[in-house]
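Student: I have a new model open on my screen and would like to learn how to read it. Could you walk me through it, starting with charged side chains?

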Amino acid sequence: MSIKWRRVTTSFIEWINDGNSFIFLFQRSGKVGSFPHHWASISGSMEYQKDFKDNKEDRQISYLIDKSEFTENAYQCAIRELEEETQLKVNKDLTFIRSGRPLWVKIPEKQRGFLVYPFLFRLKEKRTESNNEECSIEKVKEKLMKRLQIDWEHENFNLFETETFLYQDKKSNVKKNEIVYFTNYKGEVEELLGSGLTMEENIIPTLDNTVPQLNETLHRVYFSSKHLDEDKLEKCIKEYVQNNKIDGAAKIAQLAIEQVLLPALYLYKEKVFNQNDKIPPYFPVTLQKELNVSDEMIKRLFFMNKLKDLIWHLDNARREMAPIGNLAVKTLVEAFSMTETNSPDILTNNVNDSEKWFNEIEERIHNVLNEYKQTTERISYQFVDRVEKLRKKINGNNSNASFGLLTHSCSSTILFVLKQLINHFLNQKQTLHLFITESRPEKEGYRTLSILSDFLEEKQKEGFNTETIQLRVCTESTVGYLASSKKINGIVVGADAIEVRQDKSLQLYNKNGTSTLHAVAAVYKIPFFVLCDSYKFREEEESESEREHLVASSSSLFAQPSFDNTPFDDRIELITEIQTEQSTSRLIEQVVHNQRIFREKLYGSP
């Protein structure tokens, strides 16, 4: 039986009080066409282009959004629906927290389904809503009423303790157009809240009186579960990924696996397989409606779903740094043996031996991580060989002539490669002048200088004459002088991403100032090298609004972006770990195509 799919966004509004999370839920009115009088969040359908007719019920559907079909992307739809139905303004009243892995919700009896894009927004506090005064949820609600104005689509809204809702299993005897409310949660909620906030007797939406799979939809964006100790993982994501202004994209991608995914693997193993009460009641209920599955299968499916949700968060944590998401996605696809099929045998492998099943997944993750670490080594071999050929072309057989190279900012890939290049020049007893830009405003160039200086001290202790290697920091404004006076023979940079645009053109995304260096190299005809592993290739983002560059944290008189983009032209020499006869553009297009397939496997289809 064919299913007619509709794309919708579902946005949850969270309120934080004294470290505890509350969620606003809205009771749909009797005037809406679907699920009247049921509890829901703020939802709405994405708007089609005027000329697009979606009449093909059995057509292939993907979680990816085709711009030719819709007037907006999922994020824009979520904002529009929020502001229309609550009168709250994003950025003014609401802060965007995160998106969640899309959810496929089937309604077989009606031959339709919803492809749900979940979002989480947090209500901003106003001074008049002080947390210092003791107040009930109803009083808080009363204060918020002036800010949150529901429209005709809802007849009521209320505030609920998030985890109580996620883990509740009370079922009501719902009759047509009738909602049965439970009031026996007062003690549980007060215990969770602690002092500072009391709970009036309150209604609690149940598995029967909410729109389909609302609990699961919320779980995909709520990443702070006390039941699962997920706050530990959230802190790791912030420390090693989101707020990491020290490491480059390749290093952060590696840290995302080592410091986030692997700890999550062990955490979910402990919570899901060893503690039976950690799987929320909605999960087996959802499964048992369609499948007759064992308790072991339920555990495995929940375990896998939680890791998929985590990968979605990593994939979207730093969109300007492509390898973070690309490596995370590939790692889990390989771990779940999904490279050949969307219905892996992993669920039934070692069905009576969970420990062996888990160990195989862990081993596959380590295999992908080790393979990733070798990519930089392959790049270094190629770059050292390319510099040696360039040196001989410029200096001939004059072994006393120096070679000048300039690099930018701080990149783990560049640091590894430069260490190998320094080793080469030391072994050849030749002179290398290495210039490093300050890379303002964060001045990462000084970190590169410090690391390479320590490396030279180690080489000196090994007996090398390190005086032939000269390290200097320079400001970006002096690069033109260095090029015109022929003090540098080449410029080498890393990359945070290389993007394939819809018109097939390529864009290099890297630390701010890269485009200036490229322009200088073009004017003075200096080779411009980009060292970049294939995990940094990506498709064009859905819209300019989703390509928001981070603003540098250093205080300045004006906002300065951390990243810029450079049109990829023939003057750029790309060195990657893949050796091929293909053109650069064809190679990148092929890799990006494979990335899309991996995401389709992980984020799913109906």
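Tutor: Happy to! A salt bridge here is a side-chain nitrogen of Lys or Arg within 4 Å of a carboxyl oxygen of Asp or Glu. Keep in mind that this is a predicted model.

Student: Which residues are linked in a network of salt bridges?

Tutor: Glu 47, Glu 72, Arg 80, Glu 81 and Glu 84 form such a network. Across the protein, the count comes to 30 salt bridges.

Student: How should I read a single pair?

Tutor: The general idea is that side chains of opposite charge can pair when their charged atoms come close. Take Arg 122 and Glu 14, whose closest N and O atoms are 2.9 Å apart. This pair links distant parts of the chain: Arg 122 sits in strand E7 and Glu 14 in strand E1, 108 residues apart.

Student: Are Arg 122 and Glu 14 buried or exposed?

Tutor: Glu 14 counts as buried because its relative accessibility is 2%, under the 20% cut-off. Arg 122 is partly exposed, at 29%.

Student: Where do Glu 371 and Lys 330 lie?

Tutor: Their side chains meet in a salt bridge at 3.7 Å, N to O. Glu 371 belongs to helix H11 and Lys 330 to helix H10, so the bridge ties together parts 41 residues apart in sequence. Glu 371 is partly exposed at 38%, while Lys 330 is buried at 17%.

Arg 538 is buried at 6% relative accessibility, and Glu 499 is buried at 0%.

Student: Now the nonpolar side. Which residues touch the most other members of the largest nonpolar core?

Tutor: In soluble globular proteins, nonpolar side chains tend to be buried together. Here the largest core has 109 residues, and Phe 24, Tyr 268, Phe 303, Leu 307, Ile 311 and Leu 314 touch the most other members. Helix H7, residues 249-274, gives the most to this core, with 15 residues. Apart from it lies another core of 29 residues, including Val 479 and Leu 506.

Student: Where is the kink in H7 centred?

Tutor: On Ala 256, with a bend of about 30°. Even so, the 26 residues of H7 reach 36 Å from first C-alpha to last, close to the 38 Å expected.

Student: And how many of the residues count as buried?

Tutor: Of the 606 residues, 55% do.

Notes: Residues numbered from 1 in each chain as written. Predicted model: local features only at pLDDT ≥ 70, side-chain atom pairs only at ≥ 80, totals over all residues. Heavy atoms only, no water. Buried < 20%, exposed > 50% of the residue type's maximum accessible area, 1.4 Å probe, protein only. Core = buried A, V, L, I, M, F, W, Y, C linked by side-chain atoms within 4.5 Å. Helix = DSSP H or I, 4+ residues; strand = E, 2+ residues; numbered from the N terminus. Expected span 1.5 Å × (residues − 1). Bend = angle between axes of the 7 residues up to and from the residue.
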